[in-house]
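Colleague: I am new to this structure and would like to learn how to read its contacts, one feature at a time. Could we look at it together?

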Amino acid sequence: MNGGDEVAAAPAGPPQSLDWKFSQVFGERTAGEEVQEVDIISAIEFDKTGDHLATGDRGGRVVLFERTDTKDHGVPRRDLERMEYPIGRHPEFRYKTEFQSHEPEFDYLKSLEIEEKINKIRWCQTANGALFLLSTNDKTIKFWKVQEKKVKKISDMNLDPSKAVGNGSIASSSTPKHCLANGGSPDRSYNYLGNDFSFPPGGLPSLRLPVVTSQETNLVARCRRVYAHAHDYHINSVSNNSDGETFISADDLRINLWNLEISNQSFNIVDVKPANMEDLTEVITSAEFHPTHCNTLAYSSSKGSIRVIDLRQSALCDSHAKLFEEPEAPGSRSFFTEIIASISDIKFARDGRYILSRDYMTLKLWDINMDSGPVATFQVHEYLRPKLCDLYENDSIFDKFECCLSGDGLRVATGSYSNLFRVFGCAPGSTEATTLEASKNPMRRQVQTPSRPSRSLSSITRVVRRGAENPGVDANGNAFDFTTKLLHLAWHPTENSIACAAANSLYMYYA
Amino acid sequence: MSMIEEPLYPIAVLIDELKNEDIQLRLNSIRRLSTIARALGEERTRKELIPFLSENNDDDDEVLLAMAEELGVFIPYVGGVEYANVLLPPLETLCTVEETCVRDKAVESLCRIGAQMREQDLVEYFIPLVKRLAAGEWFTARVSSCGLFHIAYPSAPEALKTELRAIYSQLCQDDMPMVRRSAATNLGKFAATVEAPHLKVDIMSMFDDLTHDDQDSVRLLAVEGCAALGKLLEPQDCVAHFLPVIVNFSQDKSWRVRYMVANQLYELCEAVGPEPTRSELVPAYVRLLRDNEAEVRIAAAGKVTKFCRILNPELAIQHILPCVKELSTDSSQHVRSALASVIMGMAPVLGKDATIEQLLPIFLSLLKDEFPDVRLNIISKLDQVNQVIGIDLLSQSLLPAIVELAEDRHWRVRLAIIEYIPLLASQLGVGFFDDKLGALCMQWLKDKVYSIRDAAANNVKRLAEEFGPDWAMQHIVPQVLDMINNPHYLYRMTILHAISLLAPVMGSDITCSKLLPVVINASKDRVPNIKFNVAKVLQSLIPIVDQSVVEKTIRPCLVELSEDPDVDVRFFATQALESCNQVMMS
């Protein structure tokens, strides 16, 4: 690992290395606090404007944050879509609301427990100030609408329950039939109101409409649709189409296409399930729609390949339009070759020209117009190569790290062990490679010298040690701890700001 | 505190519940909005109820949907057409909500109201509303606006018309694909109200924009509008403007666009007239029939008969028939199935000679298809071909196909063929039926699956209707009655069911002499289920047979059953006895 020594000098041509600073933390642990399994964050996603951030956790909850440093009230929506935020202040977020998206379930037909863990969150088109998002666990995708609702106070009713008691039979609890007239026993009460009942031409002056007063509002999350029973295997991705009406969901062997408004049918567009499951050699690990081309989508596989398919070609996209994979270097094959080649995440860059992929050892950037090999490869875990055997034994080798690109496409980032994450410059000529720790002092790692063998357990060190009591120390003296892994992170769509999840804490950084 | 007089309780409750916590109660109140309006009177409805509803726009979608619907028919309650404009504000708000079905309903209601409004009111209130929505901040408002132009446009003064066309053109190029989709969907309706000169210029350029949209979903809808738009133009304009577009679309990169063309092509041919159809659209259609995407071929194959009908037979034989031959051996079963469901209709179009020479081999190969749906689809349309060439040519191939379907291991396939048996019987005639199919019909009565036995019983009845009681007496009744001795009670039950169905067809005499004794005998069955079914069957026989028979045979049997140890048997026997008594009375 060479993160430490490259930061200082960046050549004049490519953009300067970023100086990352801590911005915020949500759900910070106090020293010695045990992390509850259900609180561990399992998904992070910014919305298109970057004004909102959503996280999902293993307990099936979705937490929303909103940006506080821009005052966008009163700016017309259409202008807002195009507006560039003045750089100067870094994004700051505050807790907005949270809701229980998924509950643990049991599939009785298959005797299968379905965890509530949120695997992915995707934001949909905002409308009328209401927020829309898709969240999914292993089997079921849900479409949520989060909206401010007025808290209503109703007065001036025709029938005041407290007074009405005096009237004997109107609304007292002893004769509930009038109370329930509308719902409970309509037949009896509406006898009056048949068409033959004649109202005086001027109406009945004694009747009045209730008066509604409302000052406060509160946020209400409502599940609008549930897209269920379409996946035999675990859903790893959902992704919205640029047409604003469809999305895909991908599991290990299939990709389905849905219309947001139709929850009872979906179309299978990719099916890699072999006729005989014993012939299975490759599974789908991640899938994403092109950000602007409605007919293009990419999916990655456990064999390290990325396939781009064109939905226009045929209804069943079993044949890909493009295949991106790196030929294996001859002679280097080992037992682990295939395992570490597996791609855990892919992301399109904002303009759709590049695809970023993460496998166990590296980040790779692919040009969609060049399928001979990646345009850039960034070593993330090279220092772990000698330890693959241990990593295999404790299953860490199967950890699925996510990756992300900056909005301007100049940098990429991904997570690692010991709550570290790395940021690389991918502009031509850039040598930027920064290692940061998800803590209040992100650059601490870099000033650390090999002579200081391990961290002092000061208040800023919140690494929970479980299992291996003595975390390994690599050649540069950097300790790594397999139990604290930073799997999920997201880059703000317009600014240099990263949100990342260390267990149950959400750390935000800016540069 | 107001004193509510007794007859007003319900209406007062109704009004209060407009704001109840319980959504079901609110929904009920909204559904009775007209009652509330009548109770308040027209003036207060205008001044109080409608503004009240306008503020009610953050309710649950179900309530909003109901409100949008009710307001569409609300003109009488606000004081008639001259006050119709007061209904616009609440519907305008509903046009901007996020839920599509609410918006659609609000647009529908606005159109309904707009269609009744006076011209000056449309100019004063309706057109500004359309303009406001079209300039809405959120795409939801803009989406809704597209569906209102065809109401607003006709009554607008000239200058405003120009403006409206410009706005619509803007909507066709909106940033949001949802808006462009809505513009594409509604273009045909709007175009129908636009004057001919503008049609050729403005509307065609909007259409052009939409056909070049980079979102497939927008282009799809543009294709869908093609036919409607084409019919508005003179044939020569249609040829000049549309033909190139359609031909282009038929070769679009996206299979979904081609699929749409395949579905619409038949209507487009009508719009462009026969000559261009021959020269341009037949080749396009042939390409679609040979498309490499199965979904497109399915759509094209499904239209083959309709398309042939607008061509002359020679063209159909020359161009379409070769493709049909290829499709009959298509690799996709769904294509073959789609073809099988329409191909019989080609026989009348092509005439006897061509049918025998060209189509018959295709029918025969489809009848031998490995996929049951294909065979079923051919059989289901047998009557069409029978009219042209007679059944004899087919009957030799038909029988093996039917027998195989009748014994298919999927019960749904067996069920499907049973439903076609009466049709087959009528087409094939008694002779053929007796020899080959009679046994099958009896076999189904002993099927393992209830639905099949049930359908088989029904089938027996329909055959009796088709061929008459005499034939049934000879060929069906004895065999059916034989089976009442089956050791398994479920099969005996099927026979009882068949008897109850046959009785009305066979008439009183045969029922009394043949059917009734069997039923009476079955009342001695050891299985209670049979016994109470006997009671039910007897009940159904009462209206058919003579009064004396009821008294002499049916009643004693029922009386005996009504003393059965089994409670269900007693119940049904008592019920049947009551019917006996009723018949007696009348």
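Colleague: Which side chains does a polar contact of 3.0 Å join here?

Modeller: A polar contact is a pair of N or O atoms within 3.5 Å, where, within protein, one must be able to donate a hydrogen and the other to accept it, and residues adjacent in sequence count only if both atoms are side-chain atoms. Here the side chains of E402(A) and H488(A) are joined in this way, at 3.0 Å. Before we go on, note that this is a predicted model, in which local features need pLDDT of at least 70 and side-chain atom pairs count only at pLDDT 80 or more, while totals for chains, interfaces and linings use all residues. Residues are numbered from 1 along each chain as its sequence is written, chains are lettered from A and ligands numbered from 1 in the order in which they are written, and side-chain values use heavy atoms, with hydrogens and water left out.

Colleague: Where is E402(A) found, and does E402(A) count as buried or exposed?

Modeller: Helices (H or I, at least four residues) and strands (E, at least two) are DSSP runs, numbered from the N terminus. E402(A) is in the loop between helix 6 (388-393) and strand 26 (403-405) of chain A. Buried means under 20% relative accessible area, exposed over 50%, and partly exposed in between (1.4 Å probe, protein chains only); E402(A), at 7% relative accessibility, counts as buried. If contact is taken as heavy atoms within 4.5 Å, and residues up to four places away in sequence are not counted, then E402(A) touches several residues, including K120(A), D345(A), T414(A) and H488(A).

Colleague: How many salt bridges does the structure hold over all chains?

Modeller: A salt bridge is a side-chain nitrogen of Lys or Arg within 4 Å of a carboxyl oxygen of Asp or Glu, and the structure holds 62 of them over all chains. One of them pairs K145(A) with D61(B), whose closest N and O atoms are 3.9 Å apart. K145(A) lies in strand 10 (residues 141-150) of chain A and D61(B) in helix 5 (residues 61-71) of chain B, so this pair joins two chains. K145(A) is buried at 8% relative accessibility, and D61(B) is buried at 8% as well. Both belong to a network of salt bridges that also links R224(A), R225(A), E98(B) and E99(B).

Colleague: Which residue forms a salt bridge with R492(B)?

Modeller: The partner of R492(B) is D525(B), with the closest N and O atoms 2.9 Å apart. This pair links distant parts of the chain, 33 residues apart, with R492(B) in helix 33 (residues 489-506) and D525(B) in the loop between helix 34 (508-522) and helix 35 (528-541) of chain B. R492(B) is buried, with a relative accessible area of 6%, and D525(B) is buried at 13%. For another case, the side chains of K21(A) and D19(A) meet in a salt bridge at 3.5 Å, N to O; K21(A) is partly exposed at 35%, and D19(A) is partly exposed at 46%.

Colleague: How many residues has the largest nonpolar core?

Modeller: In soluble globular proteins, nonpolar side chains tend to be buried together. A nonpolar core is a set of buried Ala, Val, Leu, Ile, Met, Phe, Trp, Tyr and Cys residues joined through side-chain atoms within 4.5 Å. The largest has 248 residues, and those with the most contacts inside it include F126(B), I320(B) and W444(B). Its largest share, 12 residues, comes from helix 23 (residues 346-367) of chain B.
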